[in-house]
Amino acid sequence: MQMQHITHTTDILEKAYDPSDFRKVGHQLVDMIADHLENVQSKKNHPVLLYQDPEDELAYWQKDFASDSDILEVFRNILGHSISVHHPRYIGHQVAVPALVASLSGLVSDMLNNGTGVYEMGMAANAIEKIVTDLLAKKIGYTSEASGFLTSGGTLANLTALLAARKAKAPSAVWELGHQEKLAIMVSEEAHYCIDRAARILGFGSEGIIKVPVDDHFKINTGLLGERLDKANSEGFHVIALIGCSCSTATGSYDDLDVLADFADKHDLWFHVDGAHGGAVVFSEQHKHLVKGISRADSVVVDFHKMLMTPALNTGLVFKKAENAYKTFEQQAQYLWDAQHTREWFNSGKRTFECTKFMMAIKVYAILKTYGEEIFEQNVDKLYKLAMVFARKIEAHPNFELAIHPQSNIINFRYIHTEEKDLNTLNAEIRQALILSGKFYIVQTRIGGKLYLRTTIMNPLTQEADLLGLLDEIERIVDVLGL
Ligand SMILES: *Cc1c(COP(=O)(O)O)cnc(C)c1O
């Protein structure tokens with residue numbers, strides 16, 4: 001290995017840019033990653049995660065840092081000390097299992113390091129970004145008046161959309177004058193926490209986030225919208241936006257977007273859809289009914305790095321009317337752009353929060369070029385079908401119960417076969433034992449004060465047998481540990 005033991009002579013700078021070292025290490029690294037994937041994807045006994053306590057993990061890397069391990073060894077150890085989302089028994093957080101061609105695009109992006117905010121610093125990336133976001137706009141059902149861009153995550157995309165909403169709907173020019181009146185948004189109490197955070201960043205305060213209760217299916221209770229709006233108005237709030245969840249984070253429930261759109265129309269509110277996770281169904285003929293009405297939204301967020309097989313961060317934010325995207329951040333940055341007021345899709349930094357931005361678009365593009373857009377449809381359909389199968393197995397099993405029948409690939413359930421033990425404690429112990437076993441990765445959540453085991457089926461390589469295996473393993477844990 002050439003890169004190891006580099007002495008600190010003047011030639012280390014040249015070494016850092018030596019293509020022949022890159023070639024040699026790169027080939028070995030690709031082989032190592034491919035071997036790792038083969039193990040993780042096909043050997044059931046390979047752990048999803050070799051859990052270590054944080055202090056032990058830190059000590060491990062402190063020791064490594066002081067050692068003379070070479071860079072390939074370091075990469076190997078990083079693989080071994082990281083959770084493997086490609087493992088079919090990874091059924092945890094809502095993180096994409098990246099299509100491998102997208103990971104290769106990441107290498108291209110990280111080498112070119114184009115900033116992409118201005119056209120010259122990312123010609124290909126800016127043009128490709130338009131193609132990718134135009135496709136997303138088309139799938140949403142928008143007309144050619146729509147336009148969008150990619151940004152660093154659903155959190156930032158939701159904040160950006162609400163900034164646009166404030167620009168469009170606040171009575172005063174907040175961007176120039178600061179807040180002149182009390183502003184508010186309306187959203188389901190089951191919304192992702194980033195909506196709450198965005199509203200606070202916008203200066204709306206706790207009172208400016210009107211959290212509308214949900215119904216029995218964890219969807220926003222649309223029957224309460226009118227009274228909540230009246231109440232806010234009577235307290236002197238100017239409500240600027242209504243947000244729909246497609247789907248909610250804890251239970252994966254889809255709000256009724258058509259009803260929300262009607263309400264937003266009637267009261268001149270900006271209608272935003274947080275489809276970070278479940279907006280991906282726009283690619284599926286079978287499941288797009290879940291977001292019926294989405295094309296009536298003023299803005300929509302969809303994470304490519306959740307159900308669309310792309311490494312994080314990679315989020316599409318699309319506006320029904322392009323002009324709104326351009327107005328959000330109107331300000332002078334003479335050294336970047338001569339004219340702020342022209343609509344130049346190719347200078348993406350005019351519309352994004354970020355200044356420097358990595359070449360997100362090429363990862364999505366690589367997937368589309370290699371497999372066609374039907375791969376997204378197949379992925380969504382596969383994950384949702386597996387979820388329905390799993391839910392039915394849980395329902396039919398006397399020792400388990402579902403929190404709610406799933407509408408998406410998020411399934412919350414718990415083990416209930418006990419007479420003595422508190423169910424919350426029992427299920428927390430089950431999860432702990434599962435994680436330590438390395439056999440499965442799932443998470444936990446609280447719904448209405450009850451602790452549930454939470455699974456999100458993200459990996460299309462997960463099979464029904466893996467899901468049944470999870471239930472078996474839970475029963476075995478209860479048995480063996482005497483829980
Ligand atoms: C994941 C998620 C977010 C946050 O997106 P990030 O990309 O993690 O920043 C927001 N809303 C919903 C509904 C989500 O599922």
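In the hairpin formed by β10 and β11, where 2 residues lie between the strands, G448 adopts a positive phi near 55 degrees. The model is a predicted one, in which local features need pLDDT of at least 70 and side-chain atom pairs count only at pLDDT 80 or more, whereas totals for chains, interfaces and linings use all residues. Residues are numbered from 1 along each chain as its sequence is written, and side-chain values use heavy atoms, with hydrogens and water left out.

Strand β10 (residues 443–447) and strand β11 (residues 450–456) pair in the antiparallel sense over 5 bridges, strands being DSSP runs of E of at least two residues and helices runs of H or I of at least four, numbered from the N terminus, and pairing requiring at least two DSSP bridges. Within this pair, Q444 stands opposite L453 of β11. The covered face of β10 carries V443, T445 and I447, while Q444 and R446 make up the uncovered one.

Beyond its neighbours within four places in sequence, F413 is in contact (heavy atoms within 4.5 Å) with residues including F390, I394, Y452, L453, L470 and I474.

Notes:
Buried means under 20% relative accessible area, exposed over 50%, partly exposed in between (1.4 Å probe, protein chains only).
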